[in-house]
2 protein chains.
Amino acid sequence: MYAKPLYCPQCGAGSLEYRIPPGDTKRRNLCGRCGYIIYQNPLMVAGAILEWEGKILLCKRAIKPKFGLWTLPAGFMENHETVEECARRECMEEANAEIEDIQLFSLYSLPHISQIYAMYYGTLAGGKTEPGPESSRTELIAPEDIPWDAIAFDVIRANLELYLEHGPGNGRVHTGTIAPHPGAGAQAENSA
Amino acid sequence: MYAKPLYCPQCGAGSLEYRIPPGDTKRRNLCGRCGYIIYQNPLMVAGAILEWEGKILLCKRAIKPKFGLWTLPAGFMENHETVEECARRECMEEANAEIEDIQLFSLYSLPHISQIYAMYYGTLAGGKTEPGPESSRTELIAPEDIPWDAIAFDVIRANLELYLEHGPGNGRVHTGTIAPHPGAGAQAENSA
């Protein structure tokens, strides 16, 4: 749930209180009638850096936010899938791209928007890609041609930079934190 | 949100429908009155293997589920923290344990209960620990004394086995999937 809840999802009462429940240490949305607690937790995103003959697969976004900017295929994890399955699914949905020789590449936290990005590295099977419904174009782009001024998200830029500097990790995994982009504020909270 | 929602958290109507929203591919809980979609996503857990003079910190659980069994300190990630901050907080809450030289050790998916475990490795600062409110005991245990028949969760057992076989990863991160324990079924869905 991304928006602030207004009614209790268990009893329907419009009596939510934002306070620390008994025995807890953090404020939650708590129903004043039935006592139900609405927990809100970070969202996991998974995606991949896909390489083919020295070029990297980038997708031009056909959806908000960051419409028209370039990104690596990635998206929110669904219930009942693994992190790796999510990365494979997103590559298929956004770029009709199959991954070979997949390996975990990085795990980054974005605490200002309560997201975690698990990015994989792999080979783009057969070099084949075409846009899915969320992409207007998909392209295999040489490192020197990456459109650095038109990358959609800081965490994607960070992963591209890490890959170009260090190559695939071969079992080594980069970790870190992405701070808010100056001027971005909390805007991304409900839109990313 | 762990329980099945019964009322719309945006308009309070008791008219949720479990179906595929327009433009989506998966069934969601969707409000038949206002159209609000309740997304439910996997939960991230973080914790740590803490070592001191060849022994590993284990906590005896003072809470359900798996009351009385042993575990590594770990727990659900909160909004607006990093994965590493979550691991540090859980070690402090469950075992009053500070981590030195922290590094990511493993990333495991538990798709049957829609959880992801990020486990770190580090040194237990000063070898100091005492139980927090969720633990009845905390102990530094030699590898040969680990109570394998009383470990609370399969993902904790897997991490202990990986650590004993391979040691700290020094940048290499183990990845994998934990399947349901025979007989456990979906019981853990709302209790873990």
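Visitor: Hi! Is Pro73(A) buried or exposed?

Guide: Pro73(A) counts as buried, because its relative accessibility is 0%. Buried here means under 20% relative accessible area, exposed means over 50%, and partly exposed is in between (1.4 Å probe, protein chains only). This is a predicted model, where local features need pLDDT of at least 70, side-chain atom pairs count only at pLDDT 80 or more, and totals for chains, interfaces and linings use all residues. Residues are numbered from 1 along each chain as its sequence is written, chains are lettered from A and ligands numbered from 1 in the order in which they are written, and side-chain values use heavy atoms, leaving out hydrogens and water.

Visitor: Thanks! Where does Pro73(A) sit?

Guide: Pro73(A) is in the loop between β6 (70-71) and β7 (74-76) of chain A. Helices (H or I, at least four residues) and strands (E, at least two) are DSSP runs, numbered from the N terminus.

Visitor: And which residues does Pro73(A) touch?

Guide: Leaving out residues up to four places away in sequence, its contacts include Gly47(A), Leu57(A), Cys91(A) and Met119(A). Contact means heavy atoms within 4.5 Å.

Visitor: Zooming out, what is the pattern of chain A along the sequence?

Guide: Chain A reads β-β-β-β-β-β-β-α-β-β-β-α-β, with two helices and 11 strands. Its C-alpha trace spans about 60 × 35 × 35 Å along the principal axes. Of its 192 residues, 52% count as buried.

Visitor: New topic: how many residues does each chain give to the contact?

Guide: Chain B gives 45 residues and chain A gives 45 residues. Together the two chains bury about 4000 Å², 54% of it on carbon and sulfur atoms. Buried area is the accessible area (1.4 Å probe) that two parts lose on being put together, summed over both.

Visitor: What about Asn41(A), which atom of Met77(B) lies 3.0 Å from its side chain?

Guide: That is the backbone oxygen of Met77(B), 3.0 Å from a polar atom of the Asn41(A) side chain. Asn41(A) counts as buried, because its relative accessibility is 18%.

Visitor: How many salt bridges are there between chain B and chain A?

Guide: The count is two. A salt bridge is a side-chain nitrogen of Lys or Arg within 4 Å of a carboxyl oxygen of Asp or Glu. One of the pairs that meet in a salt bridge is Glu78(B) with Arg28(A), at 2.6 Å from N to O. Arg28(A) counts as buried at 7% relative accessibility, and Glu78(B) counts as buried at 11%.

Visitor: How far apart are Glu84(A) and Arg88(A) in helix α1?

Guide: Glu84(A) and Arg88(A) are four residues apart in helix α1 (residues 83-95) of chain A, so about one helical turn separates them. Their side chains meet in a salt bridge at 3.3 Å, N to O. Glu84(A) is partly exposed, with a relative accessible area of 32%.

Note on methods. Polar contact = N/O pair within 3.5 Å; in protein donor to acceptor, adjacent residues only side chain to side chain.
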